[in-house]
Each structure stands twice: as C-alpha cells, then as structure tokens.
Amino acid sequence: MSIENDVLEIGRQAREASAAMARANTDAKNKALLETARLIREQRAALRAANQADLDQAKANGLELALLDRLALSDKAIDTMAEGLEQIAQLPDPIGEMTDLKNRPSGIQVGKMRVPLGVIGIIYEARPNVTVDAAGLCIKSGNSTILRGGSEAFRCNQALAKLVAQGLEAAGLPAAAVQVIDTTDRAAVGALITMTQYVDVIVPRGGKGLIERISREAKVPVIKHLDGICHVFIDESADLEKAIAIADNAKTHRYGTCNTMETLLIHQHLAKPVLTALGKIYADKGVEVRGCGRTCALLPTAKAAIEEDWSTEYLAPILSIKVVDSLDQAIAHINRYSSQHTDSIVTENHSHAMRFIREVDSASVMINASTRFADGFEYGLGAEIGISTDKIHARGPVGLEGLTSQKWVVFGHGEIRQ
C-alpha cells in the first residue's frame, strides 16, 4: 500500500473509534488514563532506552541543541507524563455538560451541550511527552487522535504508543482511539492534513517552518501558534528582588521552549540596578545579551541589537533587552513585536498591572510571574494539546475544553411552532 492509503486507513479506524470514545463513560476513560500512567512508570527503563537511541541518532545527525533539549526524556519528565495523566483523570469530564438552559415563551427549553470534536490530528517535532499529553487529553475529552511525531523521537513515540494502546484496551476502549503514524515520510503529513473525510482538527506543534507549512497546505481546520516571542516588562514600581528572579527564570529555566522570554523590557528608572544584577547572572549562565543603545551603555558586555532581534524567537541562550521610557512604550513595543503567546509585567502598581493585562493582546498575560508558567500542566489542565494564539474557538494552552465543541439542545413537550 502507498503511504497515502496507509494514512487513509488510519483515518478510517480513527473515525470508527471516535464514535466509541464519544459514548464512553467517565470511569472507562479515567481507567485508561490511570492504567497508562502506571505502565509508563513501570516501563521507565524501556522508555529511557528508546529515548537514548533517539538521542544518539539525533546527535549523529547534528540536531540543534534546542531540539535535543526537547527530545531528552529524563526520569523527571517520565514522572511528569504519568502525573499529567493522573491529573487529567481527576479533572471533571466536560462531555455531556449542559449549560445556558433557558425557557422560551413557546414552552421549549433551549441550551447547549458539550461534545467531542471527533478526530484530532497532531503533528509535532522532537517532543515525546506530546505523545502522552495529547493522548491523555483526547481520551478524556472523548476524541480519537492520530499522532505524527518527528523522526527524531520515532523509537520513543512508538514505545509510548504501545503503552497507551494497552491502557485503552484495559479499559475496554478501542486501541485505535490513539494511533501513532509509523513512518517518518513527509508524505504522511500531507495526507493527514488534507483528509477532511476523517479528520476534524489539526494541531501542529513544532518549529515555525512546520507550522507555516501546515497552515498553508491544510484543508482541515488548524489550531496553532507560529512562535513564542515572549516579553517581560520590569515597570518602574517593580520590586527589584522579584524582577531579577522572574527575568532570570523566564530566560534561563529552559532555552528551547515557546514560553521562554526572548525580549526583556526595563523602565529607564530601574535600568541601572536591574542590568547590573542581571548582567552578572546572564554572563555566569552564558547568555548573550543584545541590547538597545541605553542597554549597551549600562552593560558593556552587551552586543548592539538590530531591528530583527525584536522579532526573533531565539530558542537559545540569547536575549534582547530594551530600556523604555514608560508603560505606554512597553505595551506598544509588545503589541508590535509579540507573537501573542505570553507576556508578563513585574510591578507593584495595581493600575499599571490592570492596564497591562487589558491592553497587551496575547493569549496569556501575567502579573509578577515568569512566562514559563504558560503551560497546560501549570494552569491545572493536566497537560496541553498545544498553545493557540488564534482568537477563534481556543486560545492559550489548549486543554479539555479546547478539544470540545457545543451543540444546541432543545427540550419540548409536544410544542409546535405557530
């Protein structure tokens, strides 16, 4: 069979499984999640071995450091995957929830009921944890899913898929509800994103090039974000201790994630003490600073930033810094250069904080917190299927509710329209 036919058969199986998942009760879905979590912990050594084989191959192929960081599966990452499934099992089941019930003058009662989207295709690069996060959220939300991971994580993704299938079968649910495409051929992606008869939504997770390709070529609706150009603004009323800790964590906690700070904005009144403290921290951690003229004057180790730096997602130990005159200038800069992913203000001024969260047009806007918190796990969603910077249907970390839709329901007692 051709790759296109193989993917078509996977889609047919996924559509068939989606009907069973839509009617599955909460206990069965939770059992599948908890059994998969148990198996992940039990099979830790096998998962680490598969991941190490992927890492060795990726290093031999010259994979860049940011992607190697995403690919690595530590013991902590394995525990986090299992814990994420357990958290999802504890969350309320959204399916079947009825809201906004209203009695109409005609006698009918009208409301909305939450239902699964159906079949969700997920395309991602070098992140084996996505296999489990996506599977868990799709199971709990009553969807089936087709996963196409990057070639870099092929062995680990296949190992995880087998554990998910075992968890589903243990709960009496179809193993085809979660399928991982077992080829690295790019033709499989083209087939998946145009398979409108079987796939309802595509979620791409990866580099800007991948997401741009999916957005351009997909015939299936796409939930996406292109990149993560995240900002922290240190306001003139910021607490210095908080500001330094947040600016350090937002950049250096991990370099290769979409919620890592790429541009730091500092109010001119605090520029000297903040840059003095952070300059040493960043230098000690090997972070290259690219700054505006005022930044370079206060921090001689900084390189002069060019226009392109303000709109670059580095995914590396590189940071652009700009000294601004006011809150207005900070907001204007963010709304011009931000990718509308995550932006944060550090301030003790309540009115400034409220202005920032009202006027910054991003999916997540924060007050006195690191941008690294923009994550489904940290938001209490158990995990996330991805992060959306779109404004229709789902925005920010996409959890259970983002994988559902609503349909109108009407209750009558024999009423007819006059």
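In helix H2 (26–42), the side chains of Glu 42 and Arg 38 form a salt bridge with an N to O distance of 2.8 Å. A salt bridge here is a side-chain nitrogen of Lys or Arg within 4 Å of a carboxyl oxygen of Asp or Glu. The two residues are four apart in H2, about one turn of the helix. Helices (H or I, at least four residues) and strands (E, at least two) are DSSP runs numbered from the N terminus. Glu 42 is partly exposed, at 48% relative accessible area. Arg 38 is also partly exposed, at 40%. Buried means under 20% relative accessible area, exposed over 50%, and partly exposed in between (1.4 Å probe, protein chains only).

The model is predicted: local features need pLDDT of at least 70, side-chain atom pairs count only at pLDDT 80 or more, and totals for chains, interfaces and linings use all residues. Residues are numbered from 1 along each chain as its sequence is written, and side-chain values use heavy atoms, leaving out hydrogens and water.

The structure holds 25 salt bridges. Glu 288 and Lys 303 meet in one of them, at 3.6 Å, N to O. Glu 288 lies in strand E9 and Lys 303 in strand E10, so the pair ties together parts 15 residues apart in sequence. Lys 303 also stands opposite Arg 290. Glu 307 bridges to Arg 336, with the closest N and O atoms 3.7 Å apart. This pair ties the loop between E10 and E11 to helix H13, across 29 residues of sequence. Glu 307 is partly exposed at 47%, whereas Arg 336 is exposed at 61%. Arg 44, Arg 48, Asp 75 and Asp 79 are linked in a network of salt bridges.

Seven strands form an open parallel sheet in the order E10-E9-E11-E8-E7-E12-E13. Strands pair if DSSP finds at least two bridges between them. E10 (303–304) and E13 (364–367) are the edge strands, each pairing on one side only. E9 (288–291) and E10 pair over two bridges.

The largest nonpolar core has 49 residues. Such a core is a set of buried Ala, Val, Leu, Ile, Met, Phe, Trp, Tyr and Cys residues joined through side-chain atoms within 4.5 Å. Ile 40, Ile 122 and Ile 385 are among the residues with the most contacts inside this core. Helix H6 supplies its largest share, seven residues. A second, separate core of 28 residues includes Ile 244, Ile 266, Val 289 and Cys 292.
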